[in-house]
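Subject: Structure handover

Hello,

Please find the structure below. My notes on what was found in it follow.

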Amino acid sequence: MKSFTAIVALAAFFSAAAANPLAPRAQMCNQTPTASNANANNNNVQSIATPTCSTAEACQQQCTANSQCQSFVFGLPPTGSTPTCMLFAVPASEVPNQGTDLNVFDKACTSVPTGAPTHSKPQGQ
C-alpha cells in the first residue's frame, strides 16, 4: 500500500510541475547574477529587449507580455537616474552579471518590488 501511495504522490508532483514549468525556478527572485550560478555558456546570453520601466513590477509585466521572456533584470545603477530593465530568453540562473545594483528575477517570481527604485533600494520597495 505504501508503494501505491508513493506512486500517487509522485504522479501529483509531476502533474503540477508539468502544469507550471516555471514553478521549480521561481525561487530565483531579486538576486545578483554571478558567474557561479550562471550557465558556463553565458557569454552568449544577451537581452532580448530593454523596455523603459519605472518599477520591477512593470518590468515583470513586460516580461510576461513577451512570449520569449523567461527572466528579467531590474535595478537602478549607482551612477544612473533611470532604472534599467532587461528581458532574457533564458532562466534567471543563466543570466550573467549585468552590473552593480541590477538583480535578476525569474518570470514567475511573486515577490517583485512594486515601488520605484532609489539608490538605497535599487530594485524598489
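Helix H2 lies across strands E2, E3 and E4, and runs at about 155° to E2. Contact here means heavy atoms within 4.5 Å; helices (H or I, at least four residues) and strands (E, at least two) are DSSP runs, numbered from the N terminus. Axes are lines fitted to C-alpha atoms, for helices over the stretch in contact, and angles run from 0 to 180 degrees between N-to-C directions.

This is a predicted model, in which local features need pLDDT of at least 70 and side-chain atom pairs count only at pLDDT 80 or more, while totals for chains, interfaces and linings use all residues. Residues are numbered from 1 along each chain as its sequence is written, and side-chain values use heavy atoms, with hydrogens and water left out.

The sheet

Four strands form an open sheet in the order E1-E4-E2-E3, with antiparallel pairing (two strands pair if DSSP finds at least two bridges between them). E1 and E3 stand at the edges with a single partner strand each, so one side of each has no neighbour in the sheet. On average, neighbouring strands are turned by 20° against each other, direction ignored. Two bridges join E1 (residues 29-31) to E4, four join E2 to E4, and five join E2 to E3. Cys29 stands opposite Phe105 in E4, and Val73 has Met86 in E3 as its bridge partner.

The aromatic pair

The structure holds one aromatic pair (ring centres within 6.5 Å; planes under 30 degrees apart count as stacked, over 60 as edge-to-face and the rest as tilted). The ring centres of Phe72 and Phe105 are 4.9 Å apart and their planes are at 5°, so the pair is stacked. Phe72 is in E2 and Phe105 in E4 (residues 103-106), so the pair ties together parts 33 residues apart in sequence. Phe72 and Phe105 are also bridge partners. Phe72 is buried at 0% relative accessible area (buried means under 20%, exposed over 50%, partly exposed in between; 1.4 Å probe, protein chains only). Phe105 is likewise buried, at 0%.

The cores

The largest nonpolar core has 13 residues, and Cys59, Phe72 and Phe105 are among those with the most contacts inside it. Such a core is a set of buried Ala, Val, Leu, Ile, Met, Phe, Trp, Tyr and Cys residues joined through side-chain atoms within 4.5 Å. H2 gives the largest share, three residues. A second, separate core of 10 residues includes Met28, Val73, Met86 and Ala92.

Regards

Terms used. Phe/Tyr/Trp six-rings, centres within 6.5 Å; stacked < 30°, edge-to-face > 60°.
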